[in-house]
There are 6 protein chains.
Amino acid sequence: MKLKIINPNTTASMTAKIGECARAAAGPGVTVDATSPRQGPPAIESHADAALAVPGVLEEIAAGEAEGYDGYVIACFGDPGLKAARELARGPVVGIAEAAMRTAAYLGRGFSVVTTLSRTVGQAQDLVDEYGVSRSCLGIHACEIPVLALETDPQARAIIQQACKDALASDGSDAIVLGCAGMADLCHDLSADLGVSVVDGVAAATVAVEGLVRMRLSTGKLREFALPRSGR
Amino acid sequence: MKLKIINPNTTASMTAKIGECARAAAGPGVTVDATSPRQGPPAIESHADAALAVPGVLEEIAAGEAEGYDGYVIACFGDPGLKAARELARGPVVGIAEAAMRTAAYLGRGFSVVTTLSRTVGQAQDLVDEYGVSRSCLGIHACEIPVLALETDPQARAIIQQACKDALASDGSDAIVLGCAGMADLCHDLSADLGVSVVDGVAAATVAVEGLVRMRLSTGKLREFALPRSGR
Amino acid sequence: MKLKIINPNTTASMTAKIGECARAAAGPGVTVDATSPRQGPPAIESHADAALAVPGVLEEIAAGEAEGYDGYVIACFGDPGLKAARELARGPVVGIAEAAMRTAAYLGRGFSVVTTLSRTVGQAQDLVDEYGVSRSCLGIHACEIPVLALETDPQARAIIQQACKDALASDGSDAIVLGCAGMADLCHDLSADLGVSVVDGVAAATVAVEGLVRMRLSTGKLREFALPRSGR
Amino acid sequence: MKLKIINPNTTASMTAKIGECARAAAGPGVTVDATSPRQGPPAIESHADAALAVPGVLEEIAAGEAEGYDGYVIACFGDPGLKAARELARGPVVGIAEAAMRTAAYLGRGFSVVTTLSRTVGQAQDLVDEYGVSRSCLGIHACEIPVLALETDPQARAIIQQACKDALASDGSDAIVLGCAGMADLCHDLSADLGVSVVDGVAAATVAVEGLVRMRLSTGKLREFALPRSGR
Amino acid sequence: MKLKIINPNTTASMTAKIGECARAAAGPGVTVDATSPRQGPPAIESHADAALAVPGVLEEIAAGEAEGYDGYVIACFGDPGLKAARELARGPVVGIAEAAMRTAAYLGRGFSVVTTLSRTVGQAQDLVDEYGVSRSCLGIHACEIPVLALETDPQARAIIQQACKDALASDGSDAIVLGCAGMADLCHDLSADLGVSVVDGVAAATVAVEGLVRMRLSTGKLREFALPRSGR
Amino acid sequence: MKLKIINPNTTASMTAKIGECARAAAGPGVTVDATSPRQGPPAIESHADAALAVPGVLEEIAAGEAEGYDGYVIACFGDPGLKAARELARGPVVGIAEAAMRTAAYLGRGFSVVTTLSRTVGQAQDLVDEYGVSRSCLGIHACEIPVLALETDPQARAIIQQACKDALASDGSDAIVLGCAGMADLCHDLSADLGVSVVDGVAAATVAVEGLVRMRLSTGKLREFALPRSGR
């Protein structure tokens, strides 16, 4: 089984980190490759950023189809281009927001999302509604750390950990969902420190798409998600 | 007042038609210019088409800001790039789906949408949910005419008229919403033939954005829809 | 085009103010007349007040039909008698609560309503649900100023302004909706002071009904909103 | 215990029938008086009819307060004036639509409403949403018999019975709710013929308000439903 | 009329108290017997407790059918086994949570639930959603008193009263719903002290099932709630 | 990793089939044991059946904790006892209905459920609502084959296949969810015949719990799902 993890932004260090976390989550015998578009925004922190990242994501899907991948992960918490990617791919495509939130729904009454900038909270709320987890999602909390500062700000981890603690207390939640692919490497340490399950979407989506491929399940291709007439 | 109507597809004849319909709807003293992106899909009939049209739409917004437009219409029934456009523009931006559906909500218990291909029905349903008109939208009906065939198929109007009649009967609706900018020119004739109000989103969005500008109302720019840090 | 703005309460000074605000919002060539019922409550601050105002509103609609008006606005934030008015009028009828809330929905993620007495908040919440703006309406805030005191209390404007500031901060909203026709004249000053869009329903409804008439759209008259058998 | 059943229309024969059905449902020791407003529409078949009936309903409530009634029923399936009546009365007020629908919710997965004219279906749907029974209400069916024809049309009962049968089959429902006070006398015969529970709102509301009075429960009078400042 | 009130836990003193409260609420001529299962948990404070109590509840229903009861109340605020009981009984079965919440919905804009342990709040929220009272239920508050301590802790009543006061203030509610059958005896005193209606589910369910029997209404037995093939 | 798959009914042949399907879905290195309660109903076709099966399910969980299992699957489409099981287990517990429905949500716009008897459809609808997949679940269809007849009726597979075809056509769905653990072995053949993804909950839940264990995610044990005071 060969999975392609697409980081929609063009920051190579983040792509490498995402690849590591995805490989750590994958089962034995699964090949996991992480890539990012040739061009596009270096970080996705607005609706415009997300929109401008999508054409590159779709190029990666199209290339992946030629390369023979069995399934795909879109590794940005806004799940940019997810429906379009499902049109273009034969195999399953999973976004990290949907996987993280659906996975967290197995863990109790509800979860809190801890994300980067407050301007992205609305987008996360839209996804909560779209994915049907509004009863499970008890709060979305921004820690006001820009995406790329996750890698450079020495205080980032402490700030995120405090935001998680505050979220657990105010929301009465059973688990934390990390609201950015750039937080993937913090997952296990945060979980140990907080004493609750912390869901990283990169791992959750990798595990989900691996499971779909193993069960031979894929996007319905006879209707809305058929290959577009415009081909590609 | 100067409004820019953006046809997200690159078919010039459709842009011209949209411009005419928008001008016919605008009030006295309002300048209405219709444009389309320099490149992108010639018709938008899939999630991938919509995604690939958005960067061109955003370029038109950015250019419009330099050109001094007071407000914008995105003239494709999927409202592609609407939120990103709101980040980039100082003045209001209105999509034709949201304007058509909110306008139709003033006309009675509910409306039926008549659109082009059935593969776009899911996207229209998503917008119904997002715009809060699920109680008002009583049905979404595809007539299986591709977007560009609206201009070339001599039977298109008859097929659409029949789809409207069927929708009114099956949904028990008070009005029809036309689900494609390419149907804008059919609006008044259909209304006369059917005996009910028929809402064209191009007109509805032009009237809506003109009203917003007149009332000096615009997108909140202090939070989610602030100009992105990535500028443009 | 001739529009009739009906103030459901019988306070003439408020009717005059509403008329001024509606005329200021209307486009060129539109005649705007403001009236109020011959008898009924002087202010609408309860369900009973609203109920007792409706027969007078319907008389004004019936008279308006004889007088040849093209459309109507019901200028009280509870939209009293709106559905009944739609049965009686040939042209469109718009309430200021529905117009204000649907207009504010174009302006970003969400809005806050600032209204008069807390006992009216439940009614406003009912309208939020009915008009499908529950995702957009982020809060409803009472400033505990009775309707008629809006015209006499020298501190009214300062209290309202503070309530708007508090609402914006607590709700994280992009715009303010004024929850009483009696606040219409404060709209532009408040907007300037607060730095966000402030939506006055009188203006929003006048603009909306003008747009409907211009687009030749009106209430569906074949079903629920047909003229009642009891005529009038 | 003394209960007042208010028939919002002015048709005396219907008031008499409603009184009989209410008395048959009341427990031992409960006095039940049925009245109707001095003036107003003879039947309620539109939003305008309902609106014009409300002032008379409120007069009956005000009179009832002077007469010392412990509780009230509003006996029209649109529950006209219910919230305003709750402001004016010290004791509980129950509408027959809310009582019928909440009572039917105890009887299984769901119920079907069978009502008079199709133009009233929208109003019934609004009440379903307001009363929180949208999961239980599986369908609303009109039999196109005007309210007053229920008493004069010899075929009325047969038509209603067939409409009930059709509703049970198409909705897969567990019970029928009769959607008009004028059908109250048909309840037990229909139930016997159909073999399912048939809920008459007049009985259900009488039983509900009797229960509330017996438990000493009444409308909260400290907030939204306090006596209006305008008194009466 | 003969009603059976089933206390799903096995604590005899609580069964006795429940029986007294039910008898106090029942009308003249109604026989009310209170029982509890022969074995099962002494208190129900978790999902597991509730699950383990259900077989005993169903045995009581089956015995009740042989004994000729006309209707049943399940007297635990989680309504354990309610749907299964409806399959087994010919007459109506009412849970105290559904009865309390539907009854409280007649009393104004909304109510607050005051319950025992915070770990049961999620279960109460599930019932709020299932019974369609999410607009009416304005808050669920735990006072952290275990079920059996309601009978032994001398401070229990004071703590509950304070929790009710806090709930009324924070939720802006019109009534209180007591979230445990073990609080039934506090109902009238709390109401007197708080000055608002306080709904005890034991009384509310007894009154509701008495009303259903009087109106000859019962569970639909032709579909989902037919006697199971496995009989019993 | 050691997983325990609990068949809540006591039919050994079905337990064996479930075990085979779970093992086929599990990844390398995962031990999968299938068990069923010592006593309880042989098939679960009613609310009462489900309720009576739960104590046995909980005994299996408690035994599993002593035996050192890492996670559990409850293999009946009603997910009986799921929340109680989460209280008793340290590791994750997944029901086959929730896993099947959440997994199918990755596959397109929506899915259809094909289940056994129509009397179970209501229960499936309740789970759809609880799990937040009401937008994705486009229909629930009974084929009227009792659970145990799945193993003995030679026409069962043909009837199910036809029900799937009908469901796909009427619902316009992208995938099928099999609504009974007893259909698990039909999954791959049905998928091949129908040309769409067919989701078996036994496989989906096994894959889901394996993924949760691999990611070290489990039920939050600090609140609602803490081990009950009553221990076990």
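Which side chain of chain C does D:Glu45 meet in a salt bridge? The partner is C:Arg229, with N and O 2.8 Å apart. A salt bridge here is a side-chain nitrogen of Lys or Arg within 4 Å of a carboxyl oxygen of Asp or Glu.

This is a predicted model, in which local features need pLDDT of at least 70, side-chain atom pairs count only at pLDDT 80 or more, and totals for chains, interfaces and linings use all residues; side-chain values use heavy atoms, with hydrogens and water left out. Residues are numbered from 1 along each chain as its sequence is written, while chains are lettered from A and ligands numbered from 1 in the order in which they are written.

**Chains C and D**

Chain C is superposed on chain D by a rotation of 180° with 0.0 Å of shift along the axis, at an RMSD of 0.0 Å (least squares on the C-alpha atoms of residues with pLDDT of at least 70 in both). The two copies are thus related as by a two-fold rotation axis. C:Ala51 is the residue of chain C that comes closest to this axis, its C-alpha lying at 3.6 Å. Because 100% of the interface residues of chain C are also interface residues in chain D, the copies meet through the same surface.

The rule finds 18 residue pairs in polar contact between chains C and D, both residues at pLDDT 80 or more. A polar contact is a pair of N or O atoms within 3.5 Å; within protein, one must be able to donate a hydrogen and the other to accept it, and residues adjacent in sequence count only if both atoms are side-chain atoms.

**The two interfaces in numbers**

Contact means heavy atoms within 4.5 Å. Buried area is the accessible area (1.4 Å probe) that two parts lose on being put together, summed over both.

| Item | Chains F and A | Chains C and D |
|---|---|---|
| Residues in contact | 51 of chain F, 51 of chain A | 28 of chain C, 28 of chain D |
| Buried area | about 3900 Å² | about 2100 Å² |
| Carbon and sulfur share of buried area | 55% | 53% |
| Salt bridges | 4 | 6 |

In chain C, the residues that lose the most area to chain D are C:His47, C:Arg119 and C:Glu224, together 29% of what that side buries.

**Chains F and A**

In chain F, F:Tyr106, F:Arg214 and F:Met215 lose the most area to chain A, together 20% of what that side buries. F:Glu224 forms a salt bridge with A:Arg109, where the closest N and O atoms are 2.7 Å apart.
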